[in-house]
Amino acid sequence: MDTLLQDKEPVTIPSVGKPMNGHTPVSNLSEEATQEAAQAPAGRALPSSPPAEGTNPQTIQPGKDGVEAVSGFKLRETQNLSEAALSKLYKAPDTSKLRDIGEASYGVRALKDDGTLPTKAETVHGPDDRVQITNTTIYPWRAIASLLITARDGSQWIGTGWFIGPHTLMTAGHVVFIKNSGVAGRDGWVRSIQVMPGRNGASLPYGSVTSTNFRSVTNWTNNGDENFDYGAIIIPTNLGNTTGWFGFGIYSDADLLNTVGNISGYPGDKPGGTQWFDARRIASVNSRKVYYDIDTAGGQSGSAVYRLVNGARYAFAIHAYGGATTNSGTRIVQDVYNNMVSWKA
C-alpha cells in the first residue's frame with residue numbers, strides 16, 4: 001500500500017501542460033504513487049465529459065424543465081435573486097450524531113448579530129423544499145455517496161461525494177484537506193474516507209469502500225481559498241462501473257443563468273445516512289463560483305450541482321458553501337475540468 005504523507009506538505013502532481021495558477025493538482029500520496037494518474041493524454045479538452053448509468057441500468061427518467069422527476073417535489077421560483085439485496089450483507093455506521101466536515105475547517109457557525117448566517121454555512125432558505133430519495137438503487141441516486149471522514153486527529157465527520165468515473169468521486173476540497181481548524185493535529189489531509197454509494201439509512205446497497213488516496217489543488221491546500229475548494233477521492237475498486245457516474249461540463253454565464261440546478265446529498269439535519277434532493281434556478285455566477293437558492297444542510301458539502309441535458313446529468317459546480325440568501329459551489333471552469341479529467345483516468 002502506498003505510504004501516506006500525512007505530516008508533510010502536499011505532493012504536487014506533475015501537470016499536463018503549463019501551470020494552472022492555483023489549480024495545480026496535489027495528492028496526499030508520494031510523488032511516485034501519483035505518476036500514473038499524471039500521465040493522462042495531453043490535448044485539447046472537450047467541453048464536457050459524459051455520464052454513465054452503470055451496469056444493469058435502472059434509471060429514473062428526467063422530469064420537465066430541467067428538474068429531476070422526484071415524487072412530491074415542486075420547483076419553487078427563486079425570489080429576490082438577479083441492487084438492494086446486497087444491503088443485508090453490510091452494516092451502515094451510525095453517523096447520526098456526526099457534524100458536517102465543513103465545521104472541521106470553519107468551526108461551528110453561529111448566527112451573526114443581525115440574525116443572519118455567516119457565509120460559510122449550508123442553509124435552508126424559507127420553506128424547506130427538500131424531498132427524501134427513498135429508492136437509492138436507481139441512477140443517478142446510486143452514483144451519490146455518503147461519506148464518513150476520519151481526520152488526522154481521529155475525529156469523524158460527514159460529507160457527500162459523487163462518481164465521475166469507475167474509481168473517482170468528486171467532492172469539496174475541505175472534505176479531503178482540512179484548513180485552519182485551530183485544533184492540534186487536525187489540519188491537513190484526512191486519514192481516511194469511507195465511501196457508501198446510494199446509502200439509504202442503515203442500508204448500503206453497494207456496500208462501502210475505504211479510501212486513503214485524495215486529490216485537491218494548491219490554492220486550497222496552501223491558502224484555503226474558497227474559489228478553489230474542490231477535491232477528489234480515488235477508491236481502490238471500480239465500483240463506479242456498477243453505480244454509474246455523472247458527466248460534467250463547462251458552461252457559459254448565460255447558459256447557467258438560464259438553467260435549473262439539482263442537488264442531492266446526505267444532510268446532517270435529517271435521519272442519519274438518508275439522501276435528500278432539492279432544485280432551483282441558478283441565481284448568479286462569477287468566474288469561480290455559482291450561486292443558488294437550493295436548500296441544503298451540513299453534510300452535503302461536496303455534492304454535485306448538476307443540470308439535465310437531453311436526459312443526461314452534467315455537473316457544473318461542486319457544492320461547498322452557503323449564506324443567508326444563497327448557497328454556492330465551486331464552478332467547473334477549464335482548469336477544474338482539466339483536473340477532473342485527469343483524476344478520473
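Where does Asn310 lie?

## Two asparagines in loops

Asn310 lies in the loop between strand E19 (304–309) and strand E20 (312–321), where helices (H or I, at least four residues) and strands (E, at least two) are DSSP runs numbered from the N terminus. This is a predicted model, in which local features need pLDDT of at least 70 and side-chain atom pairs count only at pLDDT 80 or more, while totals for chains, interfaces and linings use all residues. Residues are numbered from 1 along each chain as its sequence is written, and side-chain values use heavy atoms, with hydrogens and water left out.

Although Asn310 is not a glycine, it has a positive phi of about 50°, and at 81% relative accessibility it counts as exposed; here buried means under 20% relative accessible area, exposed means over 50%, and partly exposed is in between, with a 1.4 Å probe and protein chains only. Asn180, which is not a glycine either, has a positive phi of about 55° and is placed in the loop between strand E9 (177–178) and strand E10 (188–189). With a relative accessibility of 57%, Asn180 counts as exposed.

## A cis peptide bond

The peptide bond that leads from Tyr139 to Pro140 is cis, and its omega is near 15°. Pro140 is found in the loop between strand E5 (131–133) and strand E6 (144–150).

## Strand E14 and its partners

In strand E14 (residues 231–234), Gly231 and Ile233 point one way and Ala232 and Ile234 the other way, and all of these residues are buried. Strands count as paired if DSSP finds at least two bridges between them. Strand E8 (residues 168–171) pairs with E14 in the antiparallel sense over 4 bridges, and within this strand E14 the bridge partner of Met170 is Ala232. Strand E13 (residues 214–217) also runs antiparallel to E14, to which it is joined by 2 bridges, with Phe214 standing opposite Ile233.

## The nonpolar cores

A nonpolar core is a set of buried Ala, Val, Leu, Ile, Met, Phe, Trp, Tyr and Cys residues joined through side-chain atoms within 4.5 Å. The largest such core has 64 residues, and those with the most contacts inside it are Trp162, Met170, Ile193, Val195, Ile233 and Phe277. A second, separate core of 12 residues includes Leu256, Ile282, Val305 and Phe316.

For Ile193, contact (heavy atoms within 4.5 Å) is made with residues including Leu147, Ile149, Val176, Val209, Phe214 and Ile233, when residues up to four places away in sequence are not counted.
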